[in-house]
Amino acid sequence: MGSLIIETLDRFGKVKERHHASKFPCKIGRGYDNDIIIDDPYISPTHITINSLEDTFTVNDNNSKNGLFSLHPFKQQQALNIEDDSRVRIGHTDIRFRFTGHPVKEAIQERNKPSKISMLLTSGFILPIVWIVFGLLFMLNNYIEDTGLVTIQGLLSDVFPILIVLALWAAGWSIVSKIVTHRFYFSFHAIWASVLTILSTLVDNLANYFEFSFSLPGSAGVIVFILGVIVTSILLYGHLRYSTTFSDQKSRVSAITASIILLGLVEVLSFLNAPKFTNKPNYSGIIKPSSYIFAQQETLDVFFKNTQQLKSEIDEKLAFERE
């Protein structure tokens, strides 16, 4: 234990400066003749002195104007033995002492490796292309689903609000990226959110086709929820990897947990707010060819029998609503 690391901290506990002290006594203060100079008007010219005796370090107050304080407990001290990771306060400055063998965290994974995928996802030139493709696909989906009169103006009015939301979403994550990783990843967040939104729309359509093909009422909702959790987890995972210093495992766990909670709340609120009776059909508006039906077809007798049962259920619900 021949040397000591002396760190000055800001009010959030982040390291402002780090000094390697190997010669003792080591003087700390505001004066220019100190070994470590701290620019704090509440610190005396030579405020404290660090001494070393064999395997022990001590910090001593040099009759400073505002004193030396231990933090745990917060108490004024004349002298203190220094332990690894111990902290003291002089003036308005917190000082932390660490031995040279103090363990450090695992290195942060570089988010912008020079791979082809990362170059594409972080390229500002690719973003307009992705948004054009996104807009065309979204307009195509709305055109196929819409059972009424379709106009170009109507399709465009549906797309632009979505693009604005995507831009705001990407801007929010980019600000977090800038604060945490000191890089503004707007292109990545915008491209990532756009691609996953397209994938989410595709999942919804495939789920409706599955329900139609195999005649499994209600299966589309289950499939959309399960695949929605997966897609949302991937979406949040990508944002977290580029916006935080989380480990890969922590990013995955956080993304999956948040996705389950978020979509679970959406399902619960939808169930609680669903009306007891509605005249709106609960199925996709996309017209599907009969060749996509793989389930065994019902006979006309069974169809009309089910129709009568359905009519009875509707009559009961209408009678209940009138009451």
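In this predicted model, E7 and R18 form a salt bridge in which the closest N and O atoms are 2.7 Å apart. The two residues belong to distant parts of the chain, with E7 in strand β1 and R18 in strand β2, 11 residues apart. R96 and E7 are both buried. Through these contacts, E7, R18 and R96 are linked in a network of salt bridges. Side chains of opposite charge can pair when their charged atoms come close.

Seven salt bridges are present in the structure. One of them is formed by D85 and R98, whose closest N and O atoms are 2.8 Å apart. D85 lies in the loop between β9 (79-82) and β10 (86-90), and R98 lies in strand β11, so that parts 13 residues apart in sequence are tied together by the pair. D85 is partly exposed, its relative accessible area being 36%.

Strands β1, β2, β10 and β11 are among the members of an open sheet of six strands, with the order β2-β1-β11-β10-β7-β8 and antiparallel pairing. The edges of the sheet are taken by β2 (15-21) and β8 (74-77); each has a single partner strand, and therefore one side of each is left without a neighbour in the sheet. From one strand to the next, the twist averages 30 degrees. Within this sheet, strand β1 (residues 4-9) runs antiparallel to strand β11 (residues 93-99), and six bridges join the two. Opposite L9 stands D94 in β11. The loop between β1 and β2 contains G13, which is partly exposed at a relative accessible area of 26%. The C-alpha atom of G13 is separated by 9.7 Å from that of I95, although the two residues are 82 residues apart along the chain.

Further strand pairing involves β3, β4 and β5. Strand β3 (residues 26-29) is joined by three bridges to strand β5 (residues 48-53), and the two run antiparallel. In this pairing, C26 has I50 of β5 as its bridge partner. Strand β3 also pairs with strand β4 (residues 36-37), here in the parallel sense and over two bridges. The bridge partner of G29 in β4 is I37. Strands of a sheet pair through backbone hydrogen bonds, either parallel or antiparallel.

Two helices were also examined. In helix α2 (residues 126-145) lies L140, which contributes to a nonpolar surface patch of about 550 Å² together with I129, V133, L137, Y143 and I144. The relative accessible area of L140 is 45%, and L140 is therefore partly exposed. Helix α6 (residues 248-273) contains S259. In contrast to L140, which is partly exposed, S259 is buried, with a relative accessible area of 0%. A polar atom of the S259 side chain lies 3.1 Å from the backbone nitrogen of S233.

Conventions
Residues are numbered from 1 along each chain as its sequence is written. This is a predicted model: local features need pLDDT of at least 70, side-chain atom pairs count only at pLDDT 80 or more; totals for chains, interfaces and linings use all residues. Side-chain values use heavy atoms; hydrogens and water are left out. Two strands pair if DSSP finds at least two bridges between them. Helices (H or I, at least four residues) and strands (E, at least two) are DSSP runs, numbered from the N terminus. Axes are lines fitted to C-alpha atoms, for helices over the stretch in contact, and angles run from 0 to 180 degrees between N-to-C directions. Patches are made of residues with over 30% relative accessible area and no salt bridge: like charges are joined within 9 Å, nonpolar side chains (Val, Leu, Ile, Met, Phe, Trp, Tyr) within 5 Å. Accessible areas come from the Shrake-Rupley method with a 1.4 Å probe; for residues, only the protein chains shown count as cover. A salt bridge is a side-chain nitrogen of Lys or Arg within 4 Å of a carboxyl oxygen of Asp or Glu. Buried means under 20% relative accessible area, exposed over 50%, partly exposed in between (1.4 Å probe, protein chains only). A polar contact is a pair of N or O atoms within 3.5 Å; within protein, one must be able to donate a hydrogen and the other to accept it, and residues adjacent in sequence count only if both atoms are side-chain atoms.
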